[in-house]
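Please open the model in your viewer and keep the sequence beside it, so that each selection can be followed from one stop to the next. The tour begins below.

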Amino acid sequence: MEAGRRAPDDGAPTFDFDAVDFVTADHHFRHARIIDHAKRPFGDVETMDTSLVERWNSVVPPEAVVLHLGDLLMASMNDVGDALALTRQLHGRRLLVPGNHDWVSRATQTRTRIQSMTPLYEAAGWTVLPEVLNGSRHGQLLRASHYPYDTVPIDKLKKVRPVHDGVPLLHGHTHSTAVFTNDDATMHVGVDAWKFAPVPMSAVDTWLRERI
């Protein structure tokens, strides 16, 4: 961590980003409508899901640690088991920061629902983490969340969205094809901006160095 600086005291746990090899977001497994919504180049949901698994495994070694920043899948309660089973094919030790479409999200699910669904995610190989992670990467402050920073006066995601205080943020949620916006404190790691594959943390390191 940078000399003379502390991790933000906003209740989020301290997370070891040095232990992460890849970061990604917004796969939306089993979600057919995302193809049109995000203008993805797939003819149907089966083709999309197969391609997402192949692109993940083409870059992620079996022993790597992957931080997924939410919206892993979008499936009904009846289909969530099958959708999670699909993700068992993905390489690596997999960590999930919930997004609004995940069944373990405080933004959209009740505490009872989260408690009942978490074991299903864990059985599929996922470690479910809080919605906001604060920590450091090679001594520099870093934050991760499904959600980007936002300053709108009415925000239905306020209870889970990180507060913008200048700390560099990794996020998904937008489905933009752009990695960076006008806010140089954020980096979009969703698959729609990264050819549908996880992002190596070396790319994050480059961004953090260029911000100094």
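Select helix α4 (residues 111-123) and then its surroundings: the buried residues of α4 pack against α3 (80-87), β4 (93-96) and β5 (126-128). Here contact means heavy atoms within 4.5 Å, and buried means under 20% relative accessible area, while exposed means over 50% and partly exposed lies in between, with a 1.4 Å probe and protein chains only. Helices (H or I, at least four residues) and strands (E, at least two) are DSSP runs, numbered from the N terminus. This is a predicted model, in which local features need pLDDT of at least 70 and side-chain atom pairs count only at pLDDT 80 or more, whereas totals for chains, interfaces and linings use all residues. Residues are numbered from 1 along each chain as its sequence is written, and side-chain values use heavy atoms, with hydrogens and water left out.

Stay on α4 and colour Ile114, Met117, Thr118 and Tyr121, which are its buried residues. An α-helix has 3.6 residues a turn, so residues three or four places apart point the same way. At Met117 the helix α4 bends by about 30°, and a proline, Pro119, follows within four residues; the bend is the angle between axes fitted to the seven residues ending at a residue and the seven starting there. Just after α4, look for Gly125, which takes a positive phi of about 100°.

Next, select α3, where Val80, Ala83, Leu84, Leu86 and Thr87 are buried. These residues cover an arc of only 150° around the axis, which puts them on the same side of α3; the arc is that of the directions from the helix axis to the C-beta atoms. The buried residues of α3 pack against α2 (45-59), β4, α4 and β5.

Now move to the sheet, an open one of five strands in the order β1-β6-β7-β8-β9, with mixed pairing. Two strands pair if DSSP finds at least two bridges between them. Its edge strands are β1 (14-16) and β9 (186-188), each of which pairs on one side only.

Which strand of the sheet is largely enclosed by the rest of the structure? Select β6 (132-137): six of its six residues are buried, so β6 is largely enclosed. Both faces of β6 are covered, with Val132, Asn134 and Ser136 buried on one side and Leu133, Gly135 and Arg137 buried on the other. Three bridges join β1 to β6, and these two strands run parallel; the bridge partner of Asp16 in β6 is Ser136. Six bridges join β6 to β7, which run antiparallel, and Arg137 stands opposite Gln140 in β7. The strands β6 and β7 form a hairpin with two residues between them, and His138 in the turn has a positive phi of about 50°.

Continue to β7 (residues 140-145) and β8 (residues 169-171), which run parallel and are joined by two bridges; Arg143 stands opposite Leu169 in β8.

For the last stop, select two histidines in loops. His28 lies in the loop between β2 (22-24) and α1 (34-37), and its phi is near 55°, a positive value in a residue other than glycine. His28 is buried, with a relative accessible area of 1%. His175 is found in the loop between β8 and β9, has a positive phi of about 60° although it is not a glycine, and is buried, with a relative accessible area of 12%.

Technical notes: Axes fitted to C-alpha atoms, helices over the stretch in contact; angles between N-to-C directions.
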